[in-house]
Amino acid sequence: MTLPAVAPGVPGRFWPTTGRLLGLLLPFRRFMVGAVVATCTFAGLNVAAPKYLGDATDVVVDGVVLGSLDQGRLGLLLAGVALMYVLASLFNWIQGALTARSVQGLMYNLRASLEDKLHRLPSTYFQERSRGDVLSRATNDIDNIAQALNQLLTQLIMSFLMLCGSLAMMLWISPLLAAIAVATVPLSTLITVLVARRSQAHFARQWTETGQLNAHVEELITGHEVIKAFGHQDKAAEIFAGSNGRLARAATRAQYSAGVVQPLMVLMSNLNYIAVAVVGALQVLAGAMTIGGIQAFIQFSRLFSQPVGQIGGMLNLIQSCAASAARVFDLLDTEEDPAEPSAGSTAALAGGRIVFDDVTFGYPESAPAVRNLSFSVEPGQTVAIVGHTGAGKTTVVNLLMRFYGPGSGRITMGGQDIAGIPRDRLREQFGVVLQDAWLFAGTIRENIAYGRPDATDACIRAAAEATYVERFVRALPDGYDTVLENGGEPLSQGQRQLVTIARAQLAGRAVLILDEATSSVDSRTELLIRQAMQRLRQGRTSFVIAHRLSTVRNADLILVMDHGRIVEQGTHQSLLSANSYYARLHNAQFSVRPGRADALEAGL
């Protein structure tokens with residue numbers, strides 16, 4: 001399967017993306033202010049300690065030269081330095097705790113925004129993108145942002161303060177040596193900027209390829225039985241290897257391009273150290289500096305060059321975080337469904353007449369799926385929609401539930417145009433049983449009560465009995481408390497479908513939609529379900545989509561669709577009497593004899 005290409009982020013988006021991400025920290029500004037204060041204290045203590053350590057060295061040198069060591073002053077200085085380092089460690093822990101609280105709060109809000117966004121996205125968004133890529137944005141990219149921010153906020157603030165503090169101390173001790181130490185900063189900055197511009201596209205590609213790989217893995221896991229049945233393990237492995245190789249190459253380029261910075265920073269730091277050591281030695285010989293002074297300055301020069309190297313080394317984290325943030329923000333900025341109208345009265349919907357008035361709709365970049373649909377459904381009627389695969393049957397239901405909006409024409413329910421009814425209020429009127437039985441991880445009881453969480457145990461059992469779920473649940477060791485996993489295991493496909501029908505039974509919605517509800521069950525179970533659905537449809541408006549015409553014989557109205565149009569409509573008997581399209585479908589299913597394959601072909 002070839003997935004649609006996803007455009008990687010571009011370097012020009014780095015600063016807007018970074019600014020937007022940092023802006024999300026505003027609700028946690030108190031924690032961040034506390035973290036900055038703790039970091040300032042930590043940096044101040046770390047910067048001051050070498051100066052006092054240098055003074056201690058001068059005390060020792062003076063004692064050696066003068067033959068008399070001031071042990072009291074030396075002990076006081078060393079104790080002060082030890083206390084500084086202890087307090088620095090404490091404030092470093094406080095800073096880390098406050099930063100973690102801020103970052104995790106940001107990520108909590110970002111995940112919540114993402115989850116809320118997924119509910120508001122149109123159905124076309126998920127049709128045009130692989131589920132694996134969307135899942136990667138919601139998990140891998142979010143986790144990458146969290147891990148990167150935890151390190152970056154701590155290190156960047158600390159590095160900046162250490163840089164400023166050590167520079168101030170170096171200027172205080174020796175402006176000449178300070179000038180030598182700072183001389184390499186412009187070159188280091190230039191290298192970092194050039195590498196950042198080049199590596200940003202590589203990191204964007206890395207996370208795009210991660211999403212593509214996740215899409216392949218999700219597809220392989222979902223269809224592993226089909227892959228094995230057709231013996232396509234080698235082909236699946238080849239697809240995975242190709243995607244894995246692209247990800248490895250993208251990640252290698254990203255890490256290589258960003259990894260160039262730190263070795264260059266270390267080289268600059270070492271050259272700087274040599275220059276400071278030589279000039280400092282000459283200053284000591286000339287009597288312009290003491291040994292303790294040069295020792296303190298060398299420590300400060302290390303403190304100065306260390307943050308510069310750290311910032312260069314963090315370039316890969318910065319670029320990776322920005323690339324992931326750009327992917328998440330792309331999802332958050334995706335155009336949503338049009339704004340909902342204000343909630344009006346929906347009292348007339350429950351027993352209202354449903355009318356399709358000259359409705360035409362086409363999926364993006366495709367021919368119209370339905371054309372000029374016009375029909376009406378009276379309250380309590382059962383309407384069956386039949387036709388060959390791709391005729392537009394399910395599209396009619398999707399339009400009715402406002403998963404899509406018609407390109408032209410309108411749909412009314414209870415006299416109200418459904419385009420003016422909030423989607424949630426509209427969908428409260430529908431109970432749905434889909435062709436693919438969807439069950440979530442939980443007990444059978446919880447799955448049946450999904451559409452009516454406040455249902456009593458007696459109501460749940462009544463719905464189960466009406467849909468023949470009770471029969472197989474009694475045979476399970478844990479009964480209704482049996483936990484379902486992986487989409488419904490350990491139930492069979494037919495049993496899963498029965499549970500979804502029980503769910504619709506219990507929900508008691510005004511309009512019932514059965515989309516190939518009996519497609520996954522055997523003939524005997526189909527007969528039981530038909531009897532259950534007959535009771536389920538009493539007093540409700542029902543839409544039944546079916547290939548098996550045996551399930552629609554008693555429908556009040558049968559719509560026969562072909563290539564998006566209604567070619568016939570009527571009751572079962574009237575359509576058979578017309579001896580046209582529906583009759584050919586019926587005869588193909590019930591009258592095929594050996595040698596009459598052409599009848600089936602004509603019906604389809």
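This is a predicted model: local features need pLDDT of at least 70, side-chain atom pairs count only at pLDDT 80 or more; totals for chains, interfaces and linings use all residues.
How much space lies in the largest pocket? I looked that up first, and it came to about 1800 Å³. A pocket here is an open set of points on a 1 Å grid over the protein atoms alone, where a 1.4 Å probe fits, with protein on both sides within 12 Å along at least five of seven lines. The volume is the space filled by probe spheres set on the points.

Residues are numbered from 1 along each chain as its sequence is written, and side-chain values use heavy atoms, with hydrogens and water left out.

**Pocket lining**

I found 41 residues lining the largest pocket (each has an atom within 4 Å of a point), and Met401, Phe403, Arg427, Val432 and Leu434 are the closest to its centre. By class, I noted 19 nonpolar, nine polar and 13 charged residues in this lining. Elements that each supply at least two lining residues include helix 3 (71-120), helix 18 (493-507) and strand 9 (511-515). Helices (H or I, at least four residues) and strands (E, at least two) are DSSP runs, numbered from the N terminus.

Next I traced an open sheet of six strands, with order 6-9-10-3-11-12 and mixed pairing. Two strands pair if DSSP finds at least two bridges between them. Strand 6 and strand 12 (565-570) are the edge strands, each pairing on one side only. Inside the sheet, strand 3 (residues 382-387) and strand 11 (residues 557-562) run parallel, joined by five bridges. I checked one partner: Ile385 bridges to Leu559 in strand 11.

I then found an open sheet of four strands, antiparallel, in the order 2-1-4-5. Strand 2 (368-377) and strand 5 (416-417) each have a single partner strand, so one side of each has no neighbour in the sheet. Strand 1 (residues 354-362) pairs with strand 4 over five bridges, and Thr360 has Ser408 as its bridge partner in strand 4. Strand 4 (residues 408-413) and strand 5 share two bridges. Their hairpin has two residues between the strands, and Gly414 takes a positive phi near 65° there.

**Helix 6**

Which residues of helix 6 (residues 175-182) are buried? I got Leu177, Ala178 and Ala181, with buried meaning under 20% relative accessible area (1.4 Å probe, protein chains only). They sit on the same side of helix 6 because they cover an arc of only 105° around the axis, taken from the directions from the helix axis to the C-beta atoms.

Technical notes. Ala, Val, Leu, Ile, Met, Phe, Trp, Tyr, Cys and Pro count as nonpolar, Asp, Glu, Lys and Arg as charged, and the others, Gly among them, as polar. Buried means under 20% relative accessible area, exposed over 50%, partly exposed in between (1.4 Å probe, protein chains only).
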